[in-house]
Amino acid sequence: MWIWYKVLYALIVVIGGLAYGLLLGGISRKITARLQGRRGPSVFQNYIDLIKLIRKRTAISHGVMFFLAPMFRLLGGIGVLLLVPIIANNTALSNFSFGGDLIVVLYFMVFGCLGMALGAADSGHPHSALAPTRGLAQMAGYELPFLLSVIGLAIAHNTVSLSNLVAAQQGGILHWNLFQYPFLSIAGLIAMLGMYMAYPFSVVMAPQEIAVGPPTEYSSTFLSFMFTGRSIFGVGKYVLFMDLFLGGATNLVEAFVKTFVLFLFVVFISNVFPRYRTEQAVRFFWTYPLVIGLIDFIRIFIK
Amino acid sequence: MVNPVVIIAVTLIAAFSIGIFQFLGKKFVRGVFWLTILFDFTAILSIAYGFLTKVIKAPIMVKIGGFPPPIGINLYVDQLSAYLGVVVFFIGAMAAYHWINRGIDDPEPKALVLMLLLLLGSTGMIFTQDFFNLFVFIEITSIASYGLVASKLDGFSLEAAFKYIVVGSISSTFVLLGAVLLYKFAGSLNMLDISNHINKSMYSGGMLIIISIMFLFGLLIELEVFPMNGWALDIYQGANPAVVAILAGGIVKGFYLVFVRSANYLKFPYLLKIGIIFGLATYLVSQFFAWKQKDIRRLFGYSSVGQLGLLILAGAFYINGNLTGFAKKYMLFAIIFFVLNHSFSKSTLFFLADLFGKRNIEEWKGAISQNKFFGFLFSSSVLSMAGAPPFLGFWAKLFFILAIPRQYFYIVVLVLIGAAAEILYYFNLYRIASENDGEVLDYKGSIIPSLFNVLVLLGLAVLGAYKFFTITGMEIQNAKFLAFITVSAIAVLIIGISRIAQWILALGMLISFSYHLIRNQNFVSVFNIQSFFVILVLVGAVIFLFATYPLSKKYSASFYPLFIFTVFSMVGISVASNWISLFIFWELMSWSSYLLINQGSKKPAWIYLVMSAIGGYSMLAGIKLLSTGSNLIPVFKASAIAAPVWAAILIFTAFLVKMGTAPLHIWARDAYGESPDGFTPLLSGVLSKMGVFGAILTIVYLIPHISHSNIILYGLAWFGALTALFMALLAVFQEDVKKILAYSSISQVGYILIGIALATSLGYSAALYHTVNHLIFKGLLFVAAAGIIYRTGTSYLPEMGGLIRRMPFTFLAFLMGIITLAGIPPLSGFAGKWLLYSALLEKRWMFILLIAMFASIVAFMYCYKLLHAIFLGQLRDKYRDTKEVPLPIVIIELILAGLTMAVGMKPSLILRFSDKAIKTLGFSNPGYAYEGAHRIVSKFGYWNAYFMAVFAIGSFIIALVLFFLVKAKIRKVGQLDIGYAGEVPDSPESVHFGYDLYAHMRRAVRVFIYPHVENSYRRIYQGLMAFVDYTRRFYTGDLNTYALWVIITLSFIFYILYKGVF
Amino acid sequence: MVFFAASLLLIFIGLYAALVKRNLIKIIIGLSIMDTGVNMLIISLGFVKGRTAPIISLKDLFKKGSLLVDVSKVVDPLPQALVLTAIVIGVAVTAMALSVVIRMYSVKKSIEIDDFKELKW
């Protein structure tokens, strides 16, 4: 019987995650606008956009993979959100994290991206196909420092279970990995910037160059699914980073605060930098964050 | 039985009668000639047969002129001389037949007289037991060969003949001096008498040393020993090939027997050292000098000289090497096999070289690919010459290596290096000859002598295998299995007229073999690591063989026999009971797979072969290190006693080569990429796993017993990790579907290597799981690629695109293969990654874990590239009517795709087998545990495959349902109907993004993907070539220098004796 | 001893010719000299000062009434027999060599070694 409770909670989490994700998107636009001296759209603009997209009457399809890609995208987003514990050891909000550990989450994160990339490629638009190659290349860039920090933490805490990682960080702010392993955390957080494709790592969807990258050909319902998936995915990743570096959360308020701080970190950084080219981004990730992270990594290795 | 002296007398009379009565006409001359040959051959065969059936028990002594030895001259015919006589006359007859029927020139009666005299001289030389008489026969032989060499009467042959005369005269001067001084010293000329008279202490006197050296040195010149062999090479190059065939195939062997026997009679104490110095020098120098040789006859000449060097080495060990018991017997058989192998295959090669007529090997393009039967004869001889199993040369080499005492390990190493060098140049020639393009060139003349020779060679192969297994006393199953393999392959070859019949027969064989294996209670009840790999091989083979059906039309008749050969030899590897049988089947696998790859593309196959040879021979050297004085055939478990580090490293090299581990990977890209499409799945899915199997054996049985084993294992893991990373990175920048998959394969096998190197039970679980899983998904991808190439006619990615519309099933299967490859849950790929990472975490190998995980991220790049460039994007106009890939391939694709899904949901489908196998490796548990029905727990984390699969599929369905709930009306638009700056693009090509997808990435990683390794190999090869090209100028072609080297060598021998270097 | 030294000298002269001379005929002459040296050496091995040739002649028969030879009065017969064979062989080799040279001359119109260096490396 518990599984149905789980499913019910999961639905709540997904809907909540979507709402939160869309809100974050709106806030981000607002902040950007204010920094640029504009008024900017309402913080609820993303809700409006989503409803608009869903209500469009026709959708254009380019093929089977094009058709399925938004499902993959959504599935990937939901999967990641549901596989990370928002509040560890809480029956409701530790989600389905019993299904797998950190390694599963890491690989499942690719699922949605792969789906989107394939759909984009199937659209037959060269820009859509170009964007995933940039994305994958950049991914190879940021994953190196990210994996460095993940492996470092796993070895340091002798676990790859996210719940156990959170449990290991309890007992005060100084037990957070951010302070226990500051260098690993810096590497991980820089990698996070890449993961969110925020400036200066925004070449994947660079609007001025390649339309909007993968979703160029998508419209109406398809785009709404993409959009939904992306929002949920974003929230899932914030939660993951919160669990990894900021000690997880013991209640919902804490979770909101911590993810919001991470969100602000990304937004503020992305608003003050110009854009890297792909290879510049890759080289950047393979040098500074890696070297910084290695300090803690070697410390753990020797210990 | 015929009195041996009759042979000599009859031949002599015949020779003179031809000379005198040649006016009676050609028919008379030929008649007398053939009758004599026939008589001699029959006579000597009857003697040999008598020895063989043990009718004749003791050596035959024939008194001449009624005086008993030692006063009178006598002949002494023992087993070896009788056998050698048979060989000499057989080759002589073949050479004569070849000469008469080659259609270029007709041998004059004079030539036939000389031929008879040559045979007579060499027979007498072998038979006589009198030193002076020996000199006489040597002179008869020499004069006859001078004449025959010169008989072509062109510049080349006359030059060669004159050089031969001068050097030969010097040589015979030494022989004569030696014989006469010996008489002065011992008071007798009878070999046996002298032998009784001499004992080793007499050598301290000095006189006897000088005498023996004079005598043996004269023979050494005739034996074409470096550095006094320039004349011999000139003969091989310049003389009539028919003459060369008999000289190299028969006469020189007579000199060899005489040399070894004389040294034995003289009790020459320095034979071993002389043999090692000159034998090795001759062998190595000629094997390397041949690299740069363009003239095919001189090339064969180098090879002949090299073989003689090896023979001298073997003979020295046999006579003077203090070999005991088995080793002595092995060495004797090594010598016999070397002689037989060289005589028959080299003479065939000279015949064939003559028939084809071209001297420059560059002109041999298409020689064997366009003349099937010629090609068969040529291939058999070359394979036998290069020591490919199951030909005689292989058994000879194996016996030789086994027999060499362990303290002479450096000889083993040098001989094996030479053998690899030999393979390099022989198969460079073979590569050119099997090239498909080039004008149709035919050979002229009769191939009957070559055919006879090759038939003998094939018979000898059987004999060699039989003798090897009976003498070494290895388990009879090995021999039976080898016979079984050969018979199966021949059966498939015989019905070569119809590919479909071959396909059915081969498939039937594999399936019935598997069926019988499964029915075998022993096999099922004792499930161990070997059974695991047997099943892997058979399942993979059946699946991939099935998929070859549509492709088989364009393959030659030897495709399926070789396929069967490869598959069964892999089974042989998996069930091998000791290192030697592992080696035998390993070599079988290497060679048969080489021939298969060679059907696709030549140069990559050649590189594959050379690398395999290096690997195989280093394994043999390692096995040699494992053997002890009493135990020449090391078994797996007993090698626990004392395994030197080097043994493990050397043996491991072979496996690393097959696994394509960097930096031994250079063969892999092109060999995978350009082998026949029907074979590549087997190559990647199964054959590379034999490396895995061997690596597991080594790590389980050898590594624990050596010092620094932890460092070695850690190093291996690093090799695996770097391979996984860099090969993945290289794959990203390939533009050929099979080459991407090739790099991907090596990269994946790198993961497996990491798992093995962990040497923990979880590591083995990961490795074995991934082994099977890689078979499934890489097989799937290669099979699909084969189908796509079959339909589109290209493997070049930028040529493809948009094929999802034409090949939906293939796309589906390919997509699942890619998801598995990328290790994304919920398909089966993830389990392997999870197990491996958990194992690495458990062992705290953080850096390797980092690299391994990062490599899988890099892999996403080429995964996407494959899917995009083949199936997505714009469909080209020329593929509008392309059909889905053929049905058998679709079936296999879907079966494999279903498998990855099933295994992804329930990894225990594979893990239950690997668990059993791991238990037999000495572990109590597989390193992980089940918690509940599906949750797998390691020390670090947990993972629920079933849940993940249900979760993913469930969510997907929910997403789909949700979509249909909210969906708008969907309108399908045309292919070119894209948002393209408000325009409609004019052609699919103009908007298809399919070339150099990762140009940006290339800029970031340029330094890592620069082919450093390949360039280093190339530089080493070119450097060696340049060195060889420079040093081979040693053979100036100037007669004076040749004579000078004779004197220098003699002085050198005396010098080292004087300085007491010995 | 004199014979011994002389024959060695001959052998070395012959070798010298084979090593140094560029003319084919001269080389053959060298080989012949070498041959002679060897033959002399063989003879000298069996030679014992003051003894007669190991030949049975009719004269002996009439003198002593027996064909038996006093072994202590004759030199070793075997080397002489060997030399006979060796001389024959030497002649055969020389003949063969000379005929090859004739053919070589007819092909290249030269009997210099430098014109016969095509087979090499």
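Me: Before we start, how are things numbered and lettered here, and what do the values leave out?
Reply: Residues are numbered from 1 along each chain as its sequence is written, chains are lettered from A and ligands numbered from 1 in the order in which they are written, and side-chain values use heavy atoms, with hydrogens and water left out. The model is predicted, and local features need pLDDT of at least 70, side-chain atom pairs count only at pLDDT 80 or more, while totals for chains, interfaces and linings use all residues.

Me: OK, how many residues of chain B and chain A are in the contact?
Reply: Chain B brings 73 residues and chain A brings 78 residues to the contact, where contact means heavy atoms within 4.5 Å.

Me: And what area is buried between them?
Reply: About 6,800 Å² is buried between chain B and chain A, and carbon and sulfur atoms give 77% of that area; buried area is the accessible area (1.4 Å probe) that two parts lose on being put together, summed over both. On the chain B side, M846(B), Y864(B) and Y942(B) supply 11% of what chain B buries against chain A, which is more than any other three residues.

Me: How many salt bridges and polar contacts are there between these two chains?
Reply: There are two salt bridges between chain B and chain A, a salt bridge being a side-chain nitrogen of Lys or Arg within 4 Å of a carboxyl oxygen of Asp or Glu. One salt bridge is between the side chains of D122(A) and R805(B), at 3.7 Å from N to O.

Me: Which element of chain B gives the most to the side that touches chain A?
Reply: That is α33(B), with 13 residues, where helices (H or I, at least four residues) and strands (E, at least two) are DSSP runs, numbered from the N terminus.

Me: Which strand of chain A is joined to β6(B)?
Reply: Strand β1 of chain A, residues 58-61, is joined to β6(B) by four bridges, and the two run parallel; strands pair if DSSP finds at least two bridges between them. Within β6(B), I970(B) is the bridge partner of A59(A).

Me: Changing topic, which residue of chain C forms a salt bridge with D1038(B)?
Reply: It is R22(C), with the closest N and O atoms 2.8 Å apart.

Me: What else does R22(C) meet in a salt bridge?
Reply: The side chain of R22(C) also meets that of D114(C), at 2.5 Å from N to O. This pair links distant parts of the chain, 92 residues apart, and D114(C) is partly exposed at 44%.

Conventions. Buried < 20%, exposed > 50% of the residue type's maximum accessible area, 1.4 Å probe, protein only.
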